[in-house]
Every structure is written in structure tokens, then in C-alpha cells.
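Here is a short briefing to read alongside the model. Please keep the viewer open while you go through the points.

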Amino acid sequence: MNFIAAGLAIIGSALGAAYGNSKVVSKTLESMARQPEMAGELRSTMIIGMAFIEAVPILGVVVALLLVLN
């Protein structure tokens with residue numbers, strides 16, 4: 001059961017991060033198209049947001065390892 005739970009934890013975190021990243025990128029590109037003069041600031045904000053979103057799969061892997069190793 002721990003292996004199934006670990007797999008679900010990784011799958012859920014990966015899907016959540018993929019969805020979050022896609023929304024961030026699409027909204028940033030939409031904003032850049034509307035206001036090209038803000039592209040630099042929007043790009044840096046997008047990169048910071050994506051870094052925070054990418055923390056979720058890392059936590060999912062930690063939870064999966066805890067489930068498998070205990």
C-alpha cells in the first residue's frame with residue numbers, strides 16, 4: 001500500500017505543478033501581448049512564480065520517499 005500511496009503522491013504533485021506552470025506561462029504570455037513594455041518585469045515575476053510552483057513536486061518526492069522507506 002505504501003508503494004501505491006507513494007506513486008499517487010508523485011503523480012498528484014507532478015500533475016499539479018504541470019497545470020500550475022501552464023497557467024502561469026499562458027497568463028504571462030497573454031499579459032506580454034497586451035503590454036509589451038512590461039515584458040521584462042512580467043518575465044522575471046513568471047520565473048519566480050514557476051520556481052515556487054516547482055517546489056510542490058519536490059515535496060511530493062519527499063512524501064513518497066517517506067512512505068516507501070517507513
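This is a predicted model: local features need pLDDT of at least 70, side-chain atom pairs count only at pLDDT 80 or more; totals for chains, interfaces and linings use all residues.

Helices (H or I, at least four residues) and strands (E, at least two) are DSSP runs, numbered from the N terminus. Residues are numbered from 1 along each chain as its sequence is written, and side-chain values use heavy atoms, with hydrogens and water left out.

**Annotation**
- UniProt lists residues 4–67 as "domain: V-ATPase proteolipid subunit C-like" in an unreviewed entry.
- UniProt positions are given in the numbering used here, feature names are shortened, and annotations may be inferred rather than shown by experiment.

**Nonpolar patch**
- Phe3, Ile10, Val61, Leu65, Val68 and Leu69 make a nonpolar surface patch of about 580 Å².
- Helix 1 (2–34) and helix 2 (39–69) are the elements that give two or more residues to the nonpolar patch, and helix 2 supplies the largest share, four residues.
- Patches are made of residues with over 30% relative accessible area and no salt bridge; like charges are joined within 9 Å, and nonpolar side chains (Val, Leu, Ile, Met, Phe, Trp, Tyr) within 5 Å.
- Accessible areas come from the Shrake-Rupley method with a 1.4 Å probe, and for residues only the protein chains shown count as cover.

**Exposed or buried**
- Buried means under 20% relative accessible area, exposed over 50%, and partly exposed in between (1.4 Å probe, protein chains only).
- Leu69 is placed in helix 2 and counts as exposed because its relative accessibility is 68%.
- Asn21 sits in helix 1 and counts as buried, because its relative accessibility is 12%.
- Not counting residues up to four places away in sequence, Asn21 touches Met50, Ile53 and Glu54 (contact means heavy atoms within 4.5 Å).

**Salt bridges**
- The structure holds two salt bridges, each a side-chain nitrogen of Lys or Arg within 4 Å of a carboxyl oxygen of Asp or Glu.
- Lys27 pairs with Glu30 at 3.9 Å, N to O, and the two lie three residues apart in helix 1, about one turn of the helix.
- Glu30 also pairs with Arg34 at 3.4 Å, N to O; these two are separated by about one helical turn because they are four residues apart in helix 1.
- Lys27 is partly exposed at 45% relative accessibility, Glu30 is partly exposed at 35%, and Arg34 is exposed at 66%.
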